[in-house]
Amino acid sequence: MLIDKNRRARTVALQVLFSNEINPEQLPPDEMIRERVRNDIEQIRYANRLIDGVTIRKKELDEQIEAVLENWKFSRLASTDKNVLRIAVYELMNVREPVAILMNEAIEIAKEYGDKKSGGFVNGVLDKIRKNLEAQNLLAAIPVERGE
């Protein structure tokens with residue numbers, strides 16, 4: 001299993017984005033972010049990059065997700081799954097890391113914070129999105145080498 005150095009940052013970004021959906025008027029939780037990433041400045045920056053990126057590009061990310069949903073309405077997705085997918089799609093479009101790591105991290109976080117079907121659901125949706133992003137030449141992540 002691939003574990004990325006940014007797991008804590010992704011997890012705290014998920015928690016903040018989820019919380020912002022429930023209470024959009026809340027102030028940025030800088031202290032909570034620092035505490036949960038153990039004052040690691042690199043992780044603080046990455047969590048904030050994810051939170052800001054997802055917040056700013058939410059409509060675009062949601063459109064990418066909605067485009068691949070089959071037999072699901074976007075509005076009916078669990079908030080946790082929705083935000084895990086938003087973070088992962090943002091990373092696929094903006095972070096120069098291996099696709100396998102980014103997708104694996106999203107799946108593992110979905111398993112931990114979603115319900116028992118979240119991991120498989122996120123995996124299926126992200127794989128379709130990855131293919132769409134490749135076709136649209138929007139994939140910033142390092143693609144999987146053929147034959148791996």
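In the predicted model, mean pLDDT among the elements of the chain is lowest in helix α2 (residues 30–36), at 85, and highest in helix α5 (residues 79–94), at 98. Over the whole chain the average pLDDT is 91, and 93% of the residues score at least 70.

The chain contains seven helices and zero strands. Read from the N terminus, the order of elements is therefore α-α-α-α-α-α-α. The radius of gyration is 15 Å, close to the 15 Å that the globule rule gives for 148 residues, so the chain is as compact as a globular protein of that length. The C-alpha trace spans about 45 × 30 × 30 Å along its principal axes.

Of its 148 residues, 45% count as buried. When contacts between residues at least 6 apart in sequence are considered, 74% of them join residues at least 24 apart.

Gln-64 has a relative accessible area of 11% and is classed as buried, because the cut-off for burial is under 20%. With residues up to four places away in sequence not counted, Gln-64 touches Val-89, Met-93, Ile-129, Leu-133, Gln-136 and Leu-138. Val-89 and Met-93, two of these partners, fall within the range of helix α5 (residues 79–94). Ile-129 and Leu-133, also among the partners, fall within the range of α7 (118–135).

Ala-106 belongs to helix α6, residues 99–113. Its relative accessibility is 5%, so Ala-106 counts as buried. Leaving aside neighbours within four places in sequence, the contacts of Ala-106 are with Val-84, Ala-88, Val-122 and Leu-126. Of these, Val-84 and Ala-88 are within the residue range of helix α5 (residues 79–94), while Val-122 and Leu-126 are within that of α7 (118–135). Glu-66 is 40 residues from Ala-106 along the chain, and the C-alpha atoms of the two are separated by 17 Å.

Ser-118 is found in helix α7. With a relative accessible area of 1%, Ser-118 is buried. Not counting residues up to four places away in sequence, Ser-118 touches Asp-81 and Ala-110. Asp-81 is within the range of helix α5 (residues 79–94), and Ala-110 is within that of helix α6 (residues 99–113). Ser-118 and Ile-41 are 77 residues apart in sequence; their C-alpha atoms are 30 Å apart in space.

Three further residues lie outside the helices. Asn-39 is found in the loop between α2 and α3 (41–56). Its phi is near 55°, a positive value in a residue other than glycine. The relative accessible area of Asn-39 is 57%, and the residue is classed as exposed because the cut-off for exposure is over 50%.

Asn-137 lies in the segment after α7 (118–135). Here too phi is positive in a residue other than glycine, with a value near 60°. Asn-137 is exposed, its relative accessible area being 69%.

Glu-70 is placed in the loop between α4 and α5. At 52% relative accessibility, Glu-70 counts as exposed. Along the chain, Glu-70 and Val-125 are 55 residues apart, and a distance of 9.2 Å separates their C-alpha atoms.

How values were computed: Residues are numbered from 1 along each chain as its sequence is written. This is a predicted model: local features need pLDDT of at least 70, side-chain atom pairs count only at pLDDT 80 or more; totals for chains, interfaces and linings use all residues. Side-chain values use heavy atoms; hydrogens and water are left out. Helices (H or I, at least four residues) and strands (E, at least two) are DSSP runs, numbered from the N terminus. The radius of gyration is taken over C-alpha atoms; the globule rule is 2.2 Å times the number of residues to the power 0.38. Buried means under 20% relative accessible area, exposed over 50%, partly exposed in between (1.4 Å probe, protein chains only). Contact means heavy atoms within 4.5 Å. pLDDT is the predictor's confidence in each residue, from 0 to 100.
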